[in-house]
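Please keep the sequence and the model in view while reading.

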Amino acid sequence: MKIQDLNISAASKSALKSIGLTMVSELEGQNYITLINKFPKNCNIEPVINELNTLGYLLPPSNEISVYDIPMSKRLQNALIRNGVMYISQLSSYPKEDILHFRNLGEKTAVELEQICQEYNIEIRSILSIKEYFDKYQFPSKIYPMLFQSNISCLDDFMHITANDLYHICQKDYCLTMQTYFILRKNGIVFDNWQDKYIFEILPEKNAALLWKKHNISMLSQVPDCSECKLKQSFSSSNSFAAAMKELLSTG
């Protein structure tokens with residue numbers, strides 16, 4: 001069954017489609033928290049959750065404490081729910097800076113929230129320490145929230161990962177992955193092998209960027225599908241093309 005055929009509002013159908021969910025079968029194994037995590041932060045999806053729960057397609061997560069079950073002011077409860085926080089444990093996935101900017105979260109409610117987090121052993125972390133640590137390596141600023149989400153706070157946290165792991169840490173932003181990859185390599189990080197290779201693992205950054213920009217080629221497995229003529233157009237000289245092809249073919 002398609003989600004569009006469910007007896008839910010058009011707004012909920014549109015919201016689910018925006019994160020790539022179109023079939024009811026794709027809801028299997030999901031719960032409130034896993035579904036919330038697929039949406040952008042500060043997105044109120046309570047209506048979607050309620051509608052799916054009513055139809056029995058979405059169950060609450062086990063061993064989680066709902067914000068409805070914790071004594072708190074109505075103002076704080078509404079502020080959390082509007083920002084997609086329906087379970088107290090979710091606060092650990094938000095930087096402290098973002099939480100303090102929740103709509104309608106004033107000074108008084110912020111103090112109340114801090115007391116609740118202490119009571120329930122919820123750690124609210126700051127993204128500032130991540131920025132301060134990685135700034136000296138000239139990391140792109142847009143990656144900091146992604147590093148926070150992946151619990152990465154130092155170079156050693158990149159040890160024993162693959163370039164594909166890095167791609168997912170960068171939330172499938174290929175250019176950001178490539179840029180971060182070369183920064184990490186420059187600073188001594190050695191990546192583990194995996195079943196395929198990204199072009200930037202084989203070629204210099206400039207050539208890898210050209211293949212991506214001109215032909216949307218990001219992986220070694222895609223090279224046989226692109227004609228030699230098209231590939232040659234990506235390089236400024238026949239010598240640089242020949243060198244790049246030799247490197248790609250020898251790796252393949």
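## How helices H4 and H6 cross

The axes of H4 and H6 come within 10 Å of each other and cross at roughly 80°. Here axes are lines fitted to C-alpha atoms, for helices over the stretch in contact, and angles run from 0 to 180 degrees between N-to-C directions. H4 and H6 are therefore roughly perpendicular to each other; angles of 65 to 115 degrees count as roughly perpendicular, under 35 as roughly parallel, over 145 as roughly antiparallel, and the rest as oblique. The model is predicted: local features need pLDDT of at least 70, side-chain atom pairs count only at pLDDT 80 or more, and totals for chains, interfaces and linings use all residues. Residues are numbered from 1 along each chain as its sequence is written, and side-chain values use heavy atoms, with hydrogens and water left out.

**The H4 and H6 contact**

- Arg 75, Leu 76 and Leu 80 of H4 make the contact with Thr 109, Glu 112, Leu 113 and Ile 116 of H6, where contact means heavy atoms within 4.5 Å.
- By class, 4 nonpolar, 1 polar and 2 charged residues form the contact of H4 with H6.
- In this classification Ala, Val, Leu, Ile, Met, Phe, Trp, Tyr, Cys and Pro are nonpolar, Asp, Glu, Lys and Arg are charged, and the others, Gly among them, are polar.

**The chain as a whole**

- The protein chain has 13 helices and 0 strands; helices (H or I, at least four residues) and strands (E, at least two) are DSSP runs, numbered from the N terminus.
- Along the sequence, the pattern of the protein chain reads α-α-α-α-α-α-α-α-α-α-α-α-α.
- Of its 252 residues, 43% count as buried, with buried meaning under 20% relative accessible area, exposed over 50% and partly exposed in between (1.4 Å probe, protein chains only).
- Among contacts in the protein chain with a separation of 6 or more, 50% join residues 24 or more positions apart.
- The accessible surface of the protein chain is about 14200 Å², and 48% of that surface belongs to carbon and sulfur atoms; accessible areas come from the Shrake-Rupley method with a 1.4 Å probe, and for residues only the protein chains shown count as cover.

- In helix H4 (residues 74-82), the buried residues are Leu 76, Gln 77, Ala 79, Leu 80 and Ile 81.
- H3 and helix H6 (107-119) are included in what covers the buried residues of H4.
- An α-helix has 3.6 residues a turn, so residues three or four places apart point the same way.
- Gly 84, which follows H4, has a positive phi near 85°.

**Other helix pairs**

- Helix H1 (residues 10-18) packs with helix H3 (residues 46-54) at an angle of about 105°, and their axes are 9 Å apart.
- That angle makes H1 roughly perpendicular to H3.
- On the H1 side, Ser 12, Ala 15 and Leu 16 meet Pro 47, Val 48, Glu 51 and Leu 52 in H3.
- The contact of H1 with H3 has 5 nonpolar, 1 polar and 1 charged residues by class.
- H10 and helix H11 (residues 205-215) pack at about 170°, with their axes 11 Å apart, and are therefore roughly antiparallel to each other.
- Tyr 174, Cys 175, Met 178, Gln 179 and Phe 182 of H10 make this contact with Glu 205, Ala 208, Ala 209 and Trp 212 of H11.
- The residues of the contact of H10 with H11 comprise 7 nonpolar, 1 polar and 1 charged.

**Individual residues**

- Ser 66, in the loop between H3 and H4, is buried, with a relative accessible area of 10%.
- The side chain of Ser 66 reaches the backbone nitrogen of Tyr 68 at 3.0 Å.
- Apart from its neighbours within four places in sequence, Ser 66 is in contact with Met 86 and Tyr 87.
- Asn 63 also lies in the loop between H3 and H4 and is exposed, with a relative accessible area of 79%.
- Although not a glycine, Asn 63 has a positive phi of about 60°.
- Lys 172, in the loop between helix H9 (163-169) and helix H10 (174-186), is not a glycine either, yet has a positive phi of about 65°.
- Lys 172 is exposed, with a relative accessible area of 53%.
- Leu 128, in helix H7 (residues 128-134), is partly exposed, with a relative accessible area of 45%.
- From C-alpha to C-alpha, Leu 128 and Tyr 144 are 9.1 Å apart in space and 16 residues apart in sequence.

Methods:
Polar contact = N/O pair within 3.5 Å; in protein donor to acceptor, adjacent residues only side chain to side chain.
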